Each structure stands twice: as C-alpha cells, then as structure tokens.
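Welcome! Try each task yourself before reading its solution.

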Amino acid sequence: MSRATFYPHPAVRATIATVVGAFVLLPLAATVEFTLRDGDTGHSFVHWAAIFDPTKAEAYKPIWVGLTNSLTLMVVTVAVVLFLLAPTMILVNLKFPKLRRLFEFVALLPVSLPAIVLVVGLTPIYLVIGRTLGTGAWTLAFAYGITVLPFAYRSIQASIDAVNLVTLAEAARSLGASWLTVIRRVLAPNLRGGLMAASLIAVAVVLGEFTIASLLNRQNLQTALMLVNRQDAYVSVVFSLMALLFCFVLLLLIGRTGSIGARGKDR
Amino acid sequence: MTTFSARLDLVTESVGGDSPRPRARRLPVAHLGLVPFAGYVVIFLVLPTVLAVFTGLFDKAGHLTMDNFTALGDPVILETFWNSTWLSALTAAVGAVAGAAVCYALLGIPAQHPIRSTVDALAGVLAQFGGVMLAFVFIAAMGRNSVLVEVLSSLGIDLYASSNWLYELPGLILPYLYFQIPLMVITFAPALEAIKPQWAEANLTLGGNRWTFWRRIALPVLAPSFAASFLLLFANSFSAYATAAALASQGSQIVPLQIRAALTSETVLGRENLAGALAFGMIAVMAVVMTCYALIQRRAERWRA
C-alpha cells in the first residue's frame with residue numbers, strides 16, 4: 001500500500017517516542033521525587049500535606065491570596081472574552097465582512113508583542129487606572145484580555161467558519177427573534193465549542209501569567225509562588241505540579257469538545 | 001408586533017435592498033456595537049504599543065532626545081541582544097527538528113486514538129508552560145541536589161564541575177526547549193497531516209521510491225511550513241521573560257532581563273527611559289521575524305486545501 005511509503009517505520013516511531021518522551025518525562029519524574037523527599041534519605045508526602053498544615057498557614061498565606069486573585073482574574077478575563085470579544089466578532093462577521101481582515105490583524109497582533117514590551121507601555125496606563133479604579137488585582141484582567149486575544153480569536157473564528165452565521169441569524173430574525181435572542185439562543189449555542197475553548201485557554205494563560213503582574217506590582221499565583229519559593233522551595237514546586245496537572249486536564253477537555261483550530265471544521 | 005415589523009424589514013430589504021432609508025437608520029446602531037471593543041483595543045493594545053515605542057524618544061523632563069537610542073549601540077546592550085538572538089535561534093532550531101520528528105512519529109495514528117489526544121493535550125499544556133513554574137521544575141529536577149545529578153555523579157559525571165550553569169545563560173537552553181518542542185508539535189502537525197496519500201501513490205506510479213517521495217515531493221512542500229514554524233519558535237523564545245527572571249538570579253544576560261533592570265532601577269548605563277529604547281529594539285526584531293513568518297506562511301498555505 002502507498003501509505004507504507006511515508007508512514008514511519010515502527011522502530012523509528014519507537015525511537016523518537018523514547019528520546020523525546022524521556023526529555024519530557026524525566027524532569028517531571030525528578031521533580032515529583034523532589035517534592036516527596038523527607039529528611040536526607042526518606043520519602044513521604046510531608047511536603048504535600050504541609051499545604052494544609054495550620055502551623056505553616058502564615059508562611060503560605062501569600063499563595064492563597066495569589067490564588068484567589070488569579071481566580072478573580074480568570075473570571076474577569078473570561079468575561080472580557082465572552083461578553084466583549086465574542087459579540088464583536090459576531091457583529092463583524094454579520095455586518096462588516098470588509099472589516100474581517102483588519103480585525104484578524106489586530107487580534108493576532110499581541111503574538112508579536114512580547115509581554116515585557118507590553119509592560120513598558122502599560123506602566124503609565126496602570127498609573128491612571130490605579131488612581132481611578134484602584135490597585136485591585138482584578139484590573140489586570142484588561143491586560144490579560146489582550147494577551148489571551150490571539151488564542152481566543154482563533155478558537156472562536158474556527159467555530160464561526162464552521163457554521164453559516166449569516167443564514168442562522170437571518171432565519172432567526174425572520175422568525176421574529178430580537179437580536180439579543182438571536183445571539184443568546186441561536187448563535188451562542190452554535191459557537192459553544194469555540195467559546196468553550198477560548199474560555200479554557202484564557203483560564204490556562206491567566207493561571208500561568210507572571211511577567212505583567214510582577215512588573216506592575218500586583219499579586220497573583222505566580223508572583224506568590226516566586227515570593228514563597230525563597231523560604232520554602234518545596235511548596236512552590238508542589239503548586240507548579242498541580243497547576244500543570246490542572247492545565248493538562250483542561251486541555252484534554254478542550255480536545256474532547258473538539259473545537260481547537262481546524263478540528264472544528266471537520267465534518 | 002415585533003414579528004411583523006421584523007418580517008416587514010426583511011421584505012423591504014429583499015425588495016428594495018438599496019433603498020436608503022432603512023440603511024441609514026440601522027447602520028449607526030451597528031457601528032455603535034463596535035465601539036466598546038475598539039475602545040478596549042485602543043487603550044490596552046494600541047496605546048501601550050505606541051507608548052512603548054515612543055517613551056524611548058523622551059528623557060525624564062519630557063524633552064525629545066536620541067540619547068536612549070544611541071544606548072542601543074552600547075557594547076553591553078549589543079551583547080544582550082546577541083545573547084537573546086543566539087539563545088532563540090539555537091532553541092528554535094533544536095526545538096523545530098525535535099518537534100518535527102514527533103509530528104513524523106505521529107503520522108498514521110488516527111485523530112481519535114488516545115495516544116493522539118494525550119500528545120495533543122500534553123503539547124498544548126507544555127507549550128504554555130513557560131514562566132516561573134518551569135524554572136521551579138528545572139531547579140528541582142536538575143539543580144545541585146536533584147536526583148538526576150546524584151545518579152549522574154554516582155556514574156562519575158559531575159554536571160556542576162565547571163560552573164553553576166543552570167542559573168546562568170546556558171541554563172536557559174533546556175527549559176526553553178521544554179516549551180519549544182511542544183510548540184513545534186502544535187504548529188507543524190497540520191502541515192505534515194496535509195500530505196496526501198495520493199501524492200505517494202503518484203510517486204509510486206511514476207516509478208519513485210520512499211527516498212524520491214521525501215526528497216522530491218514531501219520536503220519541498222513542507223519546507224515553507226517548517227521555516228514559518230521555526231520563525232514562530234524564534235519569536236517565542238525571544239520574547240520569553242518569566243523563566244529567565246526566575247532562573248537567572250544575577251545579571252541581565254538577555255534583553256527582557258535588561259528591560260526589567262531598566263524598569264526597576266533607573267541607573268542602567270546612567271540613562272532614563274532606556275526601557276523604552278530596549279522595547280523598541282525588541283519590537284523591531286519581532287516585526288522583522290513576524291513579517292517573514294506571515295509571508296512564508298502565506299506561501300505554505302498554498303498546499304493546504
């Protein structure tokens with residue numbers, strides 16, 4: 001068969017899987033071993049249990065504060081994606097098809113804008129925000145909405161391309177639905193996959209964000225881990241592993257909803 | 001009532017599509033819908049970019065100066081740009097080759113297969129897993145007290161014989177590869193999957209073999225996608241900050257760390273607003289890289305239909 005001519009030989013497949021798999025899994029295995037250390041030679045779950053140890057609660061307090069801030073940021077960032085980006089994308093695709101290319105250009109722009117460069121420009125803006133809206137951690141969500149923009153745009157646009165938005169909207173309108181009903185009851189359910197993927201990616205990005213929070217002097221999970229790491233190297237590693245696992249499950253979920261990138265277009 | 005007027009709307013639109021009255025009434029409302037997002041993008045994307053580019057042009061008193069841009073020619077700054085460049089090029093090259101190998105190994109495994117969805121999810125996570133947590137994992141896994149170093153030293157290999165490399169510039173290579181390889185898997189897999197079995201059949205019919213298929217058909221088709229992915233990887237590590245911030249405890253060996261130094265203390269090279277000039281330098285490099293990426297990507301998409 002023709003397939004055999006370009007599919008890899010099983011031995012080649014196994015070699016690549018072993019080499020790259022070792023590079024990916026060995027550091028993780030060594031890290032897990034590190035968190036299980038107890039004293040000089042023993043192993044136990046003492047560093048994992050320490051997270052809930054009341055005597056260490058004071059030392060770990062920044063982590064819980066940071067985690068709470070990060071959770072708030074996730075909610076506000078997802079809100080920016082769902083209630084600001086998504087409706088605008090629907091509007092552009094329905095009413096302003098000529099703006100689609102410009103919109104795409106703007107939405108993908110943050111890819112070529114390093115976070116550290118964004119910080120240089122955001123510093124004066126957040127001075128103003130600090131004076132008007134306060135210095136609450138949640139205000140960072142506006143900046144995070146920008147860093148999430150390219151990923152969110154791609155997932156939502158893939159969903160939009162997979163359904164016939166104009167026909168759906170016109171059908172609903174001709175049956176007498178108001179625009180709000182059209183978006184809420186007709187378009188949103190059809191774009192559920194893309195909206196879901198965009199939200200989950202926003203959650204993953206916000207959970208791992210350090211650059212902007214750190215240089216604008218706000219506290220989130222990552223800056224807290226950095227702070228606590230100076231006194232207790234174990235707990236920050238434990239939290240890193242948990243965050244990694246959490247994001248892995250999240251991405252498996254996205255894979256299941258089957259709407260990331262081109263897969264949404266598969267019929 | 002709404003039902004009727006909505007239908008009436010539709011009728012007038014389909015009968016006299018270019019009658020000016022309903023248009024004139026409706027368009028401004030639709031335009032208003034664009035305002036919130038446009039305002040958001042202007043304040044949090046356009047304005048910061050403009051500020052980042054132009055703050056370098058002014059000194060603290062607000063006078064126009066070229067001082068900060070001449071600082072870009074300073075040997076210290078040039079060295080950090082050089083460090084950033086070779087670090088990004090090296091990790092992009094190794095990451096691109098290793099990632100492409102993974103994509104190749106995945107060829108022929110159906111999309112619904114559990115191996116496939118696991119690798120997809122893992123690559124998605126690890127490509128995003130930059131940052132502080134990645135630094136912690138590598139310190140735990142390869143630091144002086146790690147089990148890997150212990151095992152190697154029992155075999156007579158001392159990883160830390162010559163220097164404390166993990167906390168210096170070379171220490172960034174392995175952590176960066178840890179997110180570069182997965183990113184390559186994500187970006188390059190669609191290109192490899194677009195190779196059509198018919199091409200292999202045509203190759204066989206015309207008397208070719210496995211070698212001619214790769215040499216004359218697949219590699220030329222894949223080359224633009226590979227180059228585009230390489231550029232994306234380069235841009236990715238060029239703009240990475242958090243991992244280096246957590247790992248490199250001393251000095252500012254790469255541009256993002258130099259910007260941090262300029263932002264947090266105002267005495268780098270004795271210049272003010274140097275961060276703006278450095279940011280401008282980074283944007284310039286990123287603009288060149290991403291423009292080439294867009295051009296090559298357009299070329300690459302010719303084969304995907």
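**Exercise 1.** How far apart do the C-alpha centres of domain 1 of chain A and domain 2 of chain A lie?

*Solution.* Keep in mind that you are looking at a predicted model. Start with the bounds: the domain assignment of chain A gives domain 1 as residues 3-35 and domain 2 as residues 53-265. The C-alpha centres of these two domains of chain A lie 31 Å apart. Next, look at where they touch: four residues from domain 1 of chain A and four residues from domain 2 of chain A make up the contact. Finally, sort the domain 1 side by class, which gives two nonpolar, two polar and no charged residues.

**Exercise 2.** Which helix gives the most residues to the side of chain B that touches chain A?

*Solution.* First take the whole interface: 76 residues of chain B are in contact with 64 residues of chain A. Helix α2 of chain B, residues 20-54, gives the most to the chain B side, with 15 residues. By class, that side of chain B holds 58 nonpolar, 13 polar and five charged residues.

**Exercise 3.** Work out how helix α2 of chain A is placed against helix α6 of chain B.

*Solution.* Angles of 65 to 115 degrees count as roughly perpendicular, so α2(A) is roughly perpendicular to α6(B). Now list the partners: A:Pro27, A:Ala30, A:Thr31 and A:Phe34 from α2(A) meet B:Val137, B:Phe138, B:Ala140, B:Ala141 and B:Met142 from α6(B). Eight of these contact residues are nonpolar, one is polar and none is charged.

**Exercise 4.** Which residues of the largest nonpolar core touch the most other members?

*Solution.* The largest nonpolar core has 159 residues, and A:Ala152 and A:Ile212 touch the most other members. Then follow A:Ile212: leaving aside neighbours within four places in sequence, its contacts are A:Ala115, A:Leu118, A:Val119, A:Leu122, A:Leu140 and A:Ala143.

Terms used. Residues are numbered from 1 along each chain as its sequence is written. Chains are lettered from A and ligands numbered from 1 in the order in which they are written. This is a predicted model: local features need pLDDT of at least 70, side-chain atom pairs count only at pLDDT 80 or more; totals for chains, interfaces and linings use all residues. A nonpolar core is a set of buried Ala, Val, Leu, Ile, Met, Phe, Trp, Tyr and Cys residues joined through C-beta atoms within 7 Å. A residue is buried if 20 or more other C-beta atoms lie within 10 Å of its own, exposed if 12 or fewer, and partly exposed in between; C-beta atoms are placed from the backbone. Two residues are in contact if their C-beta atoms, placed from the backbone, lie within 7 Å. Axes are lines fitted to C-alpha atoms, for helices over the stretch in contact, and angles run from 0 to 180 degrees between N-to-C directions. Helices (H or I, at least four residues) and strands (E, at least two) are DSSP runs, numbered from the N terminus. Angles under 35 degrees count as roughly parallel, over 145 as roughly antiparallel, 65 to 115 as roughly perpendicular and the rest as oblique. Ala, Val, Leu, Ile, Met, Phe, Trp, Tyr, Cys and Pro count as nonpolar, Asp, Glu, Lys and Arg as charged, and the others, Gly among them, as polar. Domain bounds come from an automatic or database domain assignment.
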